[in-house]
Amino acid sequence: FMFHDYVNNNIIPFRAMLTQITENINADYDVARYVGRTEKNIVYSGAGRELSFSFYVQAMSQPELDYIWQKINYLTGLMFPSDYMDGFMLPPFVQLTIGNFYVDQPGYIRSMTHTIEENTSWDIDDAAQMPMGITVNINFSVIEKKMVRTGVPFYGYGTPQLSTPNNPMPQQ
């Protein structure tokens, strides 16, 4: 999988073990009450998608260790402004690719947690006393690529099968 720093046009690829991929989709509804009416007026105001996942990267050699920590440092930097222009911060927008599931999915990293597991080995060379592996937890806010609606594909693989009154959805 990889991140593409959209603002600086840099690609950060990872060869890692992905775990706990979770997508949370929330619809937003507002409730309005009118004087003299008992029923609620429900107004749909949109929806949003949040993706969370963890990945573990492990270095097997000193050159790999250097390369992994360069990427972790760059990824951590994507939580901060990409640049400043005329006194304004440029947000760090990225595109996320995880196989064919999420392909160049625009969004931004909402939060990130680094964890050094207890059983992770460390390099004890004087130049790099660093853990050889790290677990990173990502919360990613999806920005839709186009105007979305019911029936359009949301993922990079396949397309939904639409049903009609004469052709109901196939049973799984």
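These legends describe close-up views of a predicted model.

**View A. Phe1 and Phe53 meet edge-to-face.**
Eleven aromatic pairs are counted in the model. In one of them, the ring centres of Phe1 and Phe53 are 5.8 Å apart. Their planes stand at 85 degrees, so the pair is edge-to-face; the cut-off for that class is over 60 degrees. Phe1 belongs to the segment before strand 1 (2–5), while Phe53 belongs to strand 4 (residues 41–58). The pair therefore ties together parts that are 52 residues apart in sequence. Phe1 is buried, at 17% relative accessibility. Phe53 is buried too, with a relative accessible area of 2%. Both values fall under the 20% limit for buried residues.

**View B. Five phenylalanines form one aromatic cluster.**
The members are Phe1, Phe3, Phe14, Phe53 and Phe55.

**View C. A nonpolar patch lies on the surface.**
Ile21, Ile25, Phe101, Val148, Phe154 and Tyr155 make up this patch. Together they have about 490 Å² of accessible area. Ile21 is one of the patch residues, and its place is in strand 3 (residues 17–32). Ile21 has a relative accessible area of 39% and is partly exposed.

**View D. Strand 7 and strand 8 form a hairpin.**
Strand 7 covers residues 94–98, and strand 8 covers residues 102–115. The two strands pair in the antiparallel sense over four bridges. Leu96 stands opposite Gln105, which is in strand 8. Three residues lie between the strands of the hairpin. In this hairpin, Gly99 takes a positive phi near 55 degrees.

**View E. Strand 8 also pairs with strand 9.**
Strand 9 spans residues 133–142. Strand 8 and strand 9 run antiparallel and are joined by eight bridges. Gly107 has Val142 in strand 9 as its bridge partner.

**View F. Gly77 is part of helix 1.**
Helix 1 covers residues 62–77. Gly77 is partly exposed, at 35% relative accessibility. Gly77 and Pro92 are 15 residues apart along the chain. Their C-alpha atoms are separated by 8.7 Å.

Notes
Residues numbered from 1 in each chain as written. Predicted model: local features only at pLDDT ≥ 70, side-chain atom pairs only at ≥ 80, totals over all residues. Heavy atoms only, no water. Patch = residues over 30% accessible without salt bridge, like charges linked within 9 Å, V, L, I, M, F, W, Y side chains within 5 Å. Areas by Shrake-Rupley, 256 points an atom, 1.4 Å probe, with all protein chains shown as cover. Salt bridge = Lys/Arg side-chain N within 4 Å of Asp/Glu carboxyl O. Buried < 20%, exposed > 50% of the residue type's maximum accessible area, 1.4 Å probe, protein only. Phe/Tyr/Trp six-rings, centres within 6.5 Å; stacked < 30°, edge-to-face > 60°. Pairing = 2+ DSSP bridges.
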